[in-house]
Amino acid sequence: MIMSPAAFAKDIEAGEAVFAGNCAACHAGGNNVIQNEKTLRKEALDQYLDGGLKEESIIKQVTNGKNAMPAFGGRLDAEDIVNVAAYVYDQATGAKWD
């Protein structure tokens with residue numbers, strides 16, 4: 001599926017709101033208050049995500065949880081999960097959390 005830049009930007013913006021409401025308590029600024037080394041920065045995501053650093057891997061992690069991270073599949077709808085994954089990917093790959 002090809003998205004226009006405007007639609008993509010809107011998804012990231014929506015994902016930022018989802019992140020602020022659901023993820024920022026543990027991951028503010030791309031950090032991790034539970035396990036310091038498992039941040040949301042590019043290198044850590046590439047190392048710790050099943051499947052490496054790609055939006056599909058972030059979607060899987062957010063949906064199913066892993067270790068100390070709870071599953072959000074029952075709390076967020078699919079669109080919110082896709083949007084927050086796009087936001088996390090954008091922040092990590094754009095070095096906005098470095």
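**View 1. Val62 in helix 4.** Val62 is a residue of helix 4 (helices are DSSP runs of H or I with at least four residues, numbered from the N terminus). The model is predicted; local features need pLDDT of at least 70, side-chain atom pairs count only at pLDDT 80 or more, and totals for chains, interfaces and linings use all residues. Residues are numbered from 1 along each chain as its sequence is written, and side-chain values use heavy atoms, with hydrogens and water left out. Val62 counts as buried because its relative accessibility is 8% (buried means under 20% relative accessible area, exposed over 50% and partly exposed in between, with a 1.4 Å probe and protein chains only). Beyond its neighbours within four places in sequence, Val62 is in contact with Met69, Pro70, Ala71, Phe72, Gly73, Ile81 and Val84 (contact means heavy atoms within 4.5 Å). From C-alpha to C-alpha, Val62 and Phe72 are 5.7 Å apart, although 10 residues separate them in sequence.

View 2. Ser57, Ile58, Gln61 and Val62 are buried in helix 4, which spans residues 55-64. These residues lie on the same side of helix 4 because they cover an arc of only 130 degrees around the axis (the arc is that of the directions from the helix axis to the C-beta atoms). An α-helix has 3.6 residues a turn, so residues three or four places apart point the same way. Exposed Glu56 and Asn64 are on the face turned away from the buried side of helix 4. Helix 5 (78-93) is included in what covers the buried residues of helix 4. Just after helix 4, Gly65 has a positive phi of about 70 degrees.

**View 3. Packing of helix 4 against helix 5.** The axes of helix 4 and helix 5 are 9 Å apart, and the two helices pack at an angle of about 125 degrees (axes are lines fitted to C-alpha atoms, for helices over the stretch in contact, with angles from 0 to 180 degrees between N-to-C directions). Helix 4 is therefore oblique to helix 5 (angles under 35 degrees count as roughly parallel, over 145 as roughly antiparallel, 65 to 115 as roughly perpendicular and the rest as oblique). Glu55, Ile58, Ile59, Val62 and Thr63 of helix 4 meet Ile81, Val82, Val84, Ala85, Ala86, Val88 and Tyr89 of helix 5.

**View 4. Gln91 in helix 5.** Gln91 is located in helix 5. Gln91 is buried, its relative accessible area being 12%.
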